Amino acid sequence: MKITAIIAEYNPLTNGHAEHLRLAREETGADTILCVMSGSFTQRGEAAIADKYLRAEQAIYAGADIVVELPTIYAISPADNFAYGAIKTISAFPDVHYLSFGSECGDAKIIKKLAELLAEEPEEFSGYLRKYLKEGNSFPKARSLALADYAAAHEEYADTVGVLDQPNNALGVAYAVAIIKAGLDVELHTVKRLGSGHDALDIDAPYPSSGAVRAAFRRGEMSKIAKAVPEKVMGMLSVCRPQGDALGDMMLFKMKSVSGYDLENYYDVSGGIHNRLKIAAATATSIDELLENAKTKNYTMARLRRICLYVLFDIKKEDYAACVEAPPYVQILALRATRKDILSLLSIGCRNILTRYSDINRADKRLRYMVKLDFSAQGTLEIINKSNYYNKKMLLV
């Protein structure tokens with residue numbers, strides 16, 4: 001079996017994603033497309049637009065053969081930890097030949113070159129990085145500036161300058177670094193991003209982003225969305241409801257309730273940001289107001305929002321550390337009905353395969369926190385979306 005893996009959120013799946021699925025199969029010669037998909041919450045600290053099983057079903061319709069969940073602890077993590085968790089999940093599958101992803105540069109060689117540099121991180125580069133971090137830059141900005149300085153002294157890296165400034169490029173590099181550190185023999189395949197950019201919200205652009213579709217959904221522009229997504233996805237969205245402020249209200253309540261001392265112990269909290277967050281929470285009347293008042297030069301809004309989500313789900317630093325030490329597990333969300341042979345292959349390399357919540361009882365005990373978090377996140381999403389999706393087990397599509 002020749003597997004090509006894709007890491008995605010599909011929030012929701014767009015025509016651009018469907019084209020990527022087609023090209024990934026065609027250009028890598030894969031007979032199996034594996035999707036590792038974020039479940040109920042996404043890397044920006046936001047709730048998914050629809051239930052994870054429904055979104056996984058759309059991925060099968062669009063060309064995937066199997067969709068498994070990226071554990072929630074990683075799905076809502078910073079880019080490097082997001083990538084680590086996704087590659088760890090992929091490592092449970094034998095015969096993964098390629099990892100395919102979209103990028104702004106469309107050049108796997110440049111992505112690989114950058115990944116090898118960052119995985120090794122020579123002292124000269126580290127020195128530049130420390131310099132820009134001390135100046136108060138966010139880590140992504142500091143790393144990009146450090147790369148520019150390093151490339152100025154090493155001509156062979158001239159073609160990498162600015163690459164990390166683009167979000168899909170940066171995530172592709174994070175995937176490649178994780179592959180190197182995991183010692184996996186997986187080749188990179190990238191498709192140049194089509195149409196509007198990652199953060200562009202123009203629903204009328206060619207191949208609009210998922211963010212543009214979500215924005216249009218909130219505005220009720222369903223006729224415009226119909227041109228941007230596959231027909232099956234449109235059917236799913238037609239029965240979804242706009243989310244409103246439920247998640248923000250939940251996070252704001254928890255941020256007001258937790259003490260400043262306890263806040264310091266949550267995952268990814270450092271540098272005294274807990275004090276700013278607690279002060280901002282005291283007077284804020286919305287989560288957006290809290291984030292706006294707490295932000296600093298070196299803390300992105302997405303990072304602050306993720307921290308609020310960690311507090312909501314009570315994820316402490318030691319919880320994440322324990323998850324890193326735990327073995328990989330595979331929670332299957334959807335499977336092409338004609339491809340049950342994938343389950344036989346998977347069972348060779350992975351002892352912890354889940355197709356429903358009750359499977360937690362036979363999984364490694366070190367995984368129980370992570371699996372419970374996945375299902376807690378699903379229950380929270382149902383409250384936010386004012387829905388109670390009946391399915392809680394793997395779909396055969």
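## Reading pockets, cavities and the core

Tutor: Please keep in mind throughout that this is a predicted model. Let us begin with the second largest pocket, where the residues of the lining divide into 11 nonpolar, 1 polar and 5 charged.

Student: How much space lies in the second largest pocket, and which residues are the closest to its centre?

Tutor: The space in this pocket comes to about 320 Å³. The lining is made up of 17 residues, and those closest to the centre are Asp80, Ala174, Val177, Ala178 and Lys181. Two or more lining residues come from each of the helices α4 (79–90), α6 (123–134), α7 (139–153) and α8 (167–182), and α8 gives the most, with 6 residues.

Student: How many cavities of 30 Å³ or more are there, and what lines the largest cavity?

Tutor: A cavity is a space where a 1.4 Å probe fits but cannot get out, whereas a pocket is open. The count here is 1 cavity of 30 Å³ or more, and the volume of the largest cavity is about 50 Å³. Its lining includes Pro71, Tyr74, Gly85, Lys88, Thr89 and Cys323, and also Pro327, Pro328 and Met370. By type, the lining residues divide into 8 nonpolar, 2 polar and 1 charged, and α4 gives the most to this lining, with 3 residues.

Student: Which residues of the largest nonpolar core touch the most other members?

Tutor: The general idea is that, in soluble globular proteins, nonpolar side chains tend to be buried together. In this structure the largest nonpolar core has 138 residues, and Phe93, Leu99 and Leu290 are those that touch the most other members. The largest share of this core comes from α8, which gives 8 residues. If you select Phe93 and leave aside its neighbours within four places in sequence, you will find Phe93 in contact with Ile3, Leu34, Ile66, Val68, Val330, Ile342 and Leu346.

Student: Why is helix α2 largely enclosed by the rest of the structure?

Tutor: Here a residue counts as buried when its relative accessible area is under 20%. Helix α2 (residues 52–62) is largely enclosed by the rest of the structure because 9 of its 11 residues are buried. Among them are Lys52, Arg55 and Glu57, together with Tyr53, Leu54 and Ile60.

Student: What caps the N-terminal end of α2, and which residue takes a positive phi just after α2?

Tutor: The N-terminal end is capped by Asp51, which has a side-chain oxygen 2.7 Å from the backbone nitrogen of Tyr53. Just after the helix, Gly63 takes a positive phi of about 135 degrees.

Key
Residues numbered from 1 in each chain as written. Predicted model: local features only at pLDDT ≥ 70, side-chain atom pairs only at ≥ 80, totals over all residues. Heavy atoms only, no water. 1 Å grid on protein atoms, 1.4 Å probe; cavity = no way out; pocket = protein on both sides within 12 Å on 5 of 7 lines; lining within 4 Å. Points joined across faces, edges and corners; volume = space filled by probe spheres on them. Helix = DSSP H or I, 4+ residues; strand = E, 2+ residues; numbered from the N terminus. Nonpolar A, V, L, I, M, F, W, Y, C, P; charged D, E, K, R; others polar. Core = buried A, V, L, I, M, F, W, Y, C linked by side-chain atoms within 4.5 Å. Buried < 20%, exposed > 50% of the residue type's maximum accessible area, 1.4 Å probe, protein only. Contact = heavy atoms within 4.5 Å. Polar contact = N/O pair within 3.5 Å; in protein donor to acceptor, adjacent residues only side chain to side chain.
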